[in-house]
Amino acid sequence: MSAASTIRKYLDSQAPAMLALVEELVRIDSYAAVRDGVDAVGNVLCRELEAAGYTTERARGRRLPPEQRWLEEFMLPGLDFERLADHRVARKRGSGRGRALILGDMDTAFLPGGPQRFPFRVEGARAYGPGIADMKGGLTVGVWALRALAATGVEAPGETVCVFSADEQAGSLSARHVIEPAARQADWAFCLECARDGGNLMGSRAQIGVARLDVEGREAHAGSAYAKGVNAIEAIARKITAIHALTDPAREIFLNVGTVSGGWRRSVVPGHASITIDIRTSGPDTWAEVEAALRRIAARDDVPGSKPSLLIATHRPGVPWTKHTDRLIAIAREAGGELGFDFGVARSPAAGSSAFVGPLDVPCLDGMGPTGGGLMTDEEHVVIPTLTERAALLATILHKLATGAWQ
Amino acid sequence: MEKIRQYLRDHQGDMLGLLERLVNIDSGSYCKEGIDRCGAIHADELRALGFAVETIVEGERGNHVRAERPGQGQRRLFLSGHLDTVCPAGTVARRPFRADGDLAWGPGVGDMKGGTVQMLYALKALHDLGRPTPPIGVFLTGDEELGSIRGRPHIEAEARRSKSCLVMEASTAPGVIGVRRWGVGAFYLTIRGQAAHVLDPDTPGASASRELAFKILALEGLSDPVRGVKVSVNLVRGGSARQVTAWEARADIDVRVREAATMPAVEARLRAVALAPVVPGVELALEGGFSRPPMEPNPATEAFLRLATDVGREAGIAVRPIEKMGGSDGCFTAALGVATLDAMGPLCHDICGETERIEISSLVPRTLLIAGVIERLAAQA
């Protein structure tokens with residue numbers, strides 16, 4: 001029997017245990033700000049991996065330097081970064097070649113109380129629950145892929161390291177400091193985000209950043225002193241239309257002015273207005289271009305006397321699609337072929353923990369988790385049969401890499 | 001005239017003392033407790049001058065104070081003022097009353113605590129000097145800066161019983177009296193977009209923030225200086241998170257019109273522009289309307305202005321009629337045909353701004369003008 005068949009057979013026999021692990025994880029309330037919940041997810045993951053011979057440890061990230069602290073407040077308003085749960089690192093040596101890095105996230109986007117409002121349930125071939133696709137289903141796939149390698153005794157990479165982040169939904173500002181050192185030691189990285197439409201993997205990730213643009217005007221009574229005022233809202237409106245016009249889907253440039261606020265009462269010329277902007281670009285070159293354009297728009301003298309100030313930062317450098325990506329995709333396709341299924345590979349403009357391995361030139365595949373949908377809504381779900389399929393795919397890819405497929 | 005002037009000079013320190021007490025009470029339109037305290041101070045002062053005083057209690061917003069005193073002749077005078085300011089709670093702690101040279105600073109020092117203090121001292125001077133006064137009604141509303149929504153019926157009732165009206169809003173130059181004000185509209189636009197994560201290809205979303213930007217520019221574009229129309233968007237809120245297409249945005253729109261005749265056309269254009277979507281998929285709703293008609297001079301106002309000009313001449317003050325873009329409660333009284341003179345208060349700079357301040361030396365002449373007009377009305381048939 002081939003290694004792929006052995007792995008698949010073992011995982012098929014463990015399907016109920018996998019669904020039970022998904023349920024256990026989904027029932028834990030693990031919004032990034034819920035420290036105990038994220039910690040409980042970490043405990044479950046470590047328990048499962050220790051059963052497969054992994055050693056586990058806790059890790060802390062670092063605070064950003066003071067000049068970048070605004071990003072922390074920006075990512076998760078009101079969250080005290082000192083109170084984040086620990087990140088978790090699990091590692092195990094194997095007999096094969098190379099070093100593999102597995103990336104997963106323990107926090108979800110669901111505000112506290114998610115599991116009470118939207119409890120875990122199974123309907124037909126789908127399982128529903130908060131964070132099940134992003135990414136408790138993926139965590140289950142990762143854990144069981146590694147358990148399958150251990151249980152079947154097929155050859156595994158020389159070292160497999162897992163980094164589970166506690167703050168992915170809050171920008172990974174802290175986890176970045178744990179992911180990057182681990183990635184520097186790795187030959188390949190795999191991230192457990194759920195698969196996109198039709199089971200697609202992700203071969204690249206956009207560079208992502210945020211900006212906050214403030215305009216100071218001058219307050220004045222709208223009736224008695226109108227001419228003395230400088231209307232900050234008018235200035236920012238001109239900037240919003242210019243910023244939206246920078247979006248260019250063909251070049252993978254996406255800008256969204258998410259929030260707008262300005263003024264404090266109808267009868268007073270607004271002395272302040274502010275917007276927040278989400279920025280995604282295909283890579284560093286387009287990022288530089290967009291940043292320059294934003295700085296130009298910010299500095300433009302839309303309303304005489306108004307003073308703009310722009311804060312801009314990129315917090316996820318992204319993953320470029322390289323020839324190494326193509327090689328890894330070829331190996332993944334071969335593994336899929338042996339397991340009896342095929343998939344596409346997409347370019348993703350979304351955020352993820354894999355975004356930090358790109359600049360380190362580590363070949364990376366993302367979307368290793370189960371097929372999922374309805375992310376961040378009360379329809380969030382995974383397709384149950386894809387839990388075992390994806391675990392088998394990841395385990396088979398790791399086995400192939402361990403046995404020289406990369407060379 | 002000279003006796004009144006001397007009385008006021010002798011009492012300028014008391015005026016400033018009362019002004020300091022009032023300014024140092026936070027009485028922004030939403031600070032009910034502070035407005036009510038200011039109202040109680042005015043009520044006590046008016047009672048001491050022989051007025052029958054009534055406090056009109058409001059639930060959420062500031063109370064109003066109504067006062068009445070009989071007098072000579074048939075020309076009942078309405079003295080109109082307000083107790084609230086535009087300054088939010090906490091402003092007093094940040095910048096309390098301060099007198100420095102000829103300037104007195106603080107929240108509401110001009111709009112209009114200085115004005116109501118002048119009204120009280122004009123009445124006090126006439127009272128203490130035994131001068132005749134006409135029948136007088138006083139109404140101090142608790143919500144002028146919110147458009148006098150609650151105070152308006154009382155103001156209009158006072159106006160209907162009166163022949164003339166003085167409004168205690170601040171002035172902007174020596175000798176000025178307000179005879180024309182622009183009407184004020186408050187409109188509220190709600191934009192419903194469609195939320196979507198910026199990356200969700202199945203749900204393109206409809207950005208309420210983007211629609212808002214277009215609307216701000218289009219609405220402000222309705223301003224027409226020649227026709228006397230000013231439209232400005234002075235408060236906006238929209239969106240929930242940077243990476244989610246804004247599903248809702250709101251804009252509070254301030255509209256000023258010079259002439260009552262243009263109001264229907266301005267409102268129609270405003271609705272047409274506000275309710276036409278630019279971004280596909282957004283829905284728009286507009287609420288609100290004109291809260292104050294323009295104050296336009298009527299024949300009674302012309303006559304009243306001549307009377308005030310005569311008083312000014314006697315007092316050595318060159319009276320000059322002016323026009324202001326800001327609305328006041330005088331808009332309601334003038335619209336009812338009552339002779340209305342506005343901006344009788346002290347000379348004020350940066351009204352409603354961070355550096356709002358009055359010229360202390362304007363207190364005596366401005367109060368003298370008020371007192372002189374009141375006395376003159378008593379002598380009229």
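Trainee: Where is the place of B:M112?
Mentor: B:M112 sits in helix α5 of chain B. Please bear in mind that this is a predicted model.

Trainee: And what kind of peptide bond joins B:D111 and B:M112?
Mentor: The bond between B:D111 and B:M112 is cis, with omega at about -15°.

Trainee: Which residues does a cis peptide bond join in chain A, then, and what is omega there?
Mentor: A:D134 and A:M135 are joined by a cis peptide bond, and omega is about -10°. A:M135 belongs to helix α6 of chain A.

Trainee: Let us stay with that helix. At what angle do α3 and α6 of chain A pack?
Mentor: Helix α3 (residues 35-50) of chain A and helix α6 (residues 132-152) of chain A pack at about 15°, and their axes are 9 Å apart. α3(A) and α6(A) are therefore roughly parallel to each other. Their crossing is right-handed.

Trainee: Which residues of α3(A) and α6(A) meet?
Mentor: From α3(A) there are A:L45, A:E48 and A:L49, which meet A:L139, A:V143, A:L146 and A:R147 of α6(A). By class, this contact of α3(A) with α6(A) comprises five nonpolar, no polar and two charged residues.

Trainee: How do α1(A) and α11(A) cross?
Mentor: Helix α1 (residues 3-13) of chain A and helix α11 (residues 385-402) of chain A cross at roughly 145°, and their axes come within 9 Å. The crossing of α1(A) and α11(A) is right-handed.

Trainee: Which residues make the contact there?
Mentor: α1(A) contributes A:A3, A:A4, A:I7, A:R8, A:L11 and A:D12, while α11(A) contributes A:T388, A:A391, A:A392, A:A395, A:T396 and A:H399. The contact of α1(A) with α11(A) divides by class into seven nonpolar, three polar and two charged residues.

Trainee: One backbone point before we move on. What is the phi of A:S172?
Mentor: A:S172 has a positive phi of about 55°, although A:S172 is not a glycine. A:S172 is located in the loop between β6 (159-165) and α7 (176-184) of chain A.

Trainee: Back to chain B. What is the strand order in the open sheet with β4?
Mentor: The open sheet has four strands in the order β4-β5-β16-β15 (chain B), paired antiparallel. Its edge strands are β4 (98-100) and β15 (348-349) of chain B, each of which pairs on one side only.

Trainee: How many bridges join β15(B) to β16(B)?
Mentor: Two bridges join β15(B) to strand β16 (residues 357-359) of chain B, and these strands run antiparallel. B:C348 has B:I358 as its bridge partner in β16(B).

Trainee: Which helix packs on that sheet?
Mentor: Helix α5 (residues 109-128) of chain B does, touching β5 (103-105), β15 and β16 of chain B. The direction of α5 makes about 45° with that of β16(B). This is the helix in which we placed B:M112.

Trainee: Now the domains. What does the assignment give for chain A?
Mentor: The domain assignment of chain A gives domain 1 (3-205 + 319-402) and domain 2 (207-316). The C-alpha centres of these two domains of chain A lie 36 Å apart. Their contact takes 11 residues from domain 1 of chain A and 11 residues from domain 2 of chain A. On the side of domain 1 of chain A that touches domain 2 of chain A, there are eight nonpolar, three polar and no charged residues.

Trainee: And what does it give for chain B?
Mentor: For chain B, the assignment gives domain 1 (2-181 + 294-379) and domain 2 (183-292). The C-alpha centres of domain 1 and domain 2 of chain B lie 35 Å apart.

Trainee: Last topic: how many residues of chain B are in contact with chain A?
Mentor: 44 residues of chain B are in contact with 39 residues of chain A. On the chain B side, β9 (183-192), α7 (208-220), β10 (229-238) and β11 (248-257) each supply at least two residues. The chain B side divides into 21 nonpolar, 12 polar and 11 charged residues.

Trainee: Which strand of chain A pairs with β10(B)?
Mentor: Strand β11 (residues 254-262) of chain A pairs with β10(B) in the antiparallel sense, over three bridges. A:G262 has B:V236 as its bridge partner in β10(B).

Key. Residues numbered from 1 in each chain as written. Chains lettered and ligands numbered in written order. Predicted model: local features only at pLDDT ≥ 70, side-chain atom pairs only at ≥ 80, totals over all residues. Domains from an automatic or database assignment. Contact = placed C-beta atoms within 7 Å. Nonpolar A, V, L, I, M, F, W, Y, C, P; charged D, E, K, R; others polar. Pairing = 2+ DSSP bridges. Axes fitted to C-alpha atoms, helices over the stretch in contact; angles between N-to-C directions. Parallel < 35°, antiparallel > 145°, perpendicular 65-115°, else oblique. Left-handed = near helix turned anticlockwise from the far one by under 90°.
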